[in-house]
Structures are given as C-alpha cells and as structure tokens.
Amino acid sequence: MSRPRTFDPDVAAEQAMGVFWKSGYAVASMADLYAATGLKPGSVYAAFGDKEGLFRRAFETYAAHFRATLPEGLTGLAAIEAWIGVQADLAIEDPERRGCLIVNTVAERQAHSAETQALAQARLDEIRAFFRNALTQAVEAGELAPCADPDLWADSLTGTVISLMTLGRAAADARTIRNVAQAALASLPRA
C-alpha cells in the first residue's frame, strides 16, 4: 500500500516554477528542484512522472499567473495599453530579471519535447488572441482606423511582448523597455 502524499503538488509546482523560470529547463538540475521543493526523488517522480512532467505542471502554474495579468473590465485600446504597460512593468521590476517563462521556454525549445513545445506555443497563441480580440474591439469602436488589420497588429503586439520580456531577462534599462512599449502603442493606426 502506498503512503498518502504529505505535500501539496500545487505548492511544489509553484516552487519548481521559480527554479525553471530563473535557470531554464536545461540548466535546472534535479538537485535544484529537490532543494526548492523540499521533496525527495520518489515523491517528485510519483507526483509528476519526471523532470519534464514537473516542468509542464510548473509551466501551467506560470500560465495561470500570466493570465491574471490580463486587464479586466477594459476593452479595445484601453485593454491593449494597460496590458503592454503591465508587461513593461514586469520586465523592469523583476529583481532577478527572469523574463517570461513562456518566452524562455520557446527560446529553449530544443530542450523540450514536442508536447511541451506545443504548450508554449498555445500560450503564445493565447497572447495573440487577446490582442486580436482587443484590436477588433478597437476598430469596431472607432478607436483605430477602419483599415487596421487586427491580424497584422496582433502579430506585432505579440512580438512587442516577447521583446519586452526578452529585454527584461537581458537586464535592459527601464528607459529602453518603456521606449519599446511606447513605440509599439504609438505605431497603432489610430482613427
């Protein structure tokens, strides 16, 4: 008979998330993960299967935190401006300069299985969908020129978020990060 778990897998995933976010999947050792979670190898493998299983659980934990940064109660340009501002703040204010686990995972794609790569791509698609929806609302509300293509600008703004998070990880100065955010917003074809 197996013993009942004496740890919360959600807490362990959150703790492991910090290791993966800072170090990356390839560099994070199992010893690092055991130290961060306080778990023994058998507990990790029983709960998560392997290192990649633990990573995927940690990644989904990160994705939930990331979704929580999306603006509530705002639509159109206000939603876009608010969320780009949040992303710039996150890139600047993280003392460890970890960037974004989604972007970091995409950059480290060779270290991951096709299943994990698909998870990361799905989160990028989610970001793009947020922008496309807000851009469509902005065109319909007359905030953007009628000829503004939501698909084109959704791709551009997704690239801006990737840039902001990459600059954050690269420890770029606040001025540079804010300039990138402001330039992206200023380039939108306003009505």
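**View 1. Helix H7 and the glycine that follows it.** Gly142, whose phi is positive and near 80°, follows H7, where helices (H or I, at least four residues) and strands (E, at least two) are DSSP runs numbered from the N terminus. The model shown is predicted, so local features need pLDDT of at least 70 and side-chain atom pairs count only at pLDDT 80 or more, while totals for chains, interfaces and linings use all residues. Residues are numbered from 1 along each chain as its sequence is written, and side-chain values use heavy atoms, with hydrogens and water left out. The 27 residues of H7 should span 39 Å at 1.5 Å a residue, and this agrees with the 38 Å between its end C-alpha atoms; the expected span of a helix is 1.5 Å times one less than its number of residues.

**View 2. The buried side of H7.** Buried means under 20% relative accessible area, exposed means over 50%, and partly exposed lies in between (1.4 Å probe, protein chains only). The buried residues of H7 are Thr116, Leu119, Ala120, Arg123, Leu124, Ile127, Phe130, Phe131, Ala134, Leu135 and Ala138. These buried residues pack against H4, H5, H6 and H8, with contact meaning heavy atoms within 4.5 Å.

**View 3. Arg123 within H7.** Which residues does Arg123 touch, not counting residues up to four places away in sequence? Arg123, which has its place in helix H7, touches Phe59, Glu60, Ala63, Arg67 and Ile102 when residues up to four places away in sequence are not counted. Arg123 counts as buried because its relative accessibility is 14%.

**View 4. Helix H5 and its cover.** Helix H5 takes in residues 76-93, and its 18 residues should span 26 Å at 1.5 Å a residue, which agrees with the 26 Å between its end C-alpha atoms. The buried residues of H5 are Gly76, Leu77, Ala79, Ile80, Trp83, Ile84, Gln87, Ala88, Ala91 and Ile92. What covers these buried residues includes helix H4 (51-67), helix H7 (114-140), helix H8 (150-169) and helix H9 (174-186).

View 5. With residues up to four places away in sequence left out of the count, Gln87 touches Phe66, Thr69, Val161, Leu164 and Met165.

**View 6. Pro150 in H8.** Pro150 has its place in helix H8, and with a relative accessible area of 16% this proline is buried. Leaving aside neighbours within four places in sequence, Pro150 is in contact with Arg132, Leu135 and Thr136; of these, Leu135 is also listed among the buried residues of H7. Pro150 and Gln137 are 13 residues apart in sequence, and their C-alpha atoms are 9.4 Å apart in space.

**View 7. Two loop residues with positive phi.** Arg97 is found in the loop between H5 and helix H6 (101-107), and its phi, near 50°, is a positive value in a residue other than glycine. Ala171 is found in the loop between H8 and H9, and although it is not a glycine, it has a positive phi of about 65°. Ala171 is partly exposed, because its relative accessible area is 48%.

**View 8. Cysteines Cys100 and Cys147.** Cys100 is buried, with a relative accessible area of 2%, whereas Cys147 counts as exposed at 68% relative accessibility. A disulfide is a pair of cysteine sulfur atoms within 2.5 Å, and by this rule the count comes to 0 disulfides.

**View 9. The chain around these close-ups.** The secondary structure of the protein chain comes to 9 helices and 0 strands, and along its principal axes the C-alpha trace spans about 65 × 35 × 30 Å. Of the 191 residues of the protein chain, 43% count as buried. Among the contacts in the protein chain with a separation of 6 or more, 71% are accounted for by residues 24 or more positions apart.
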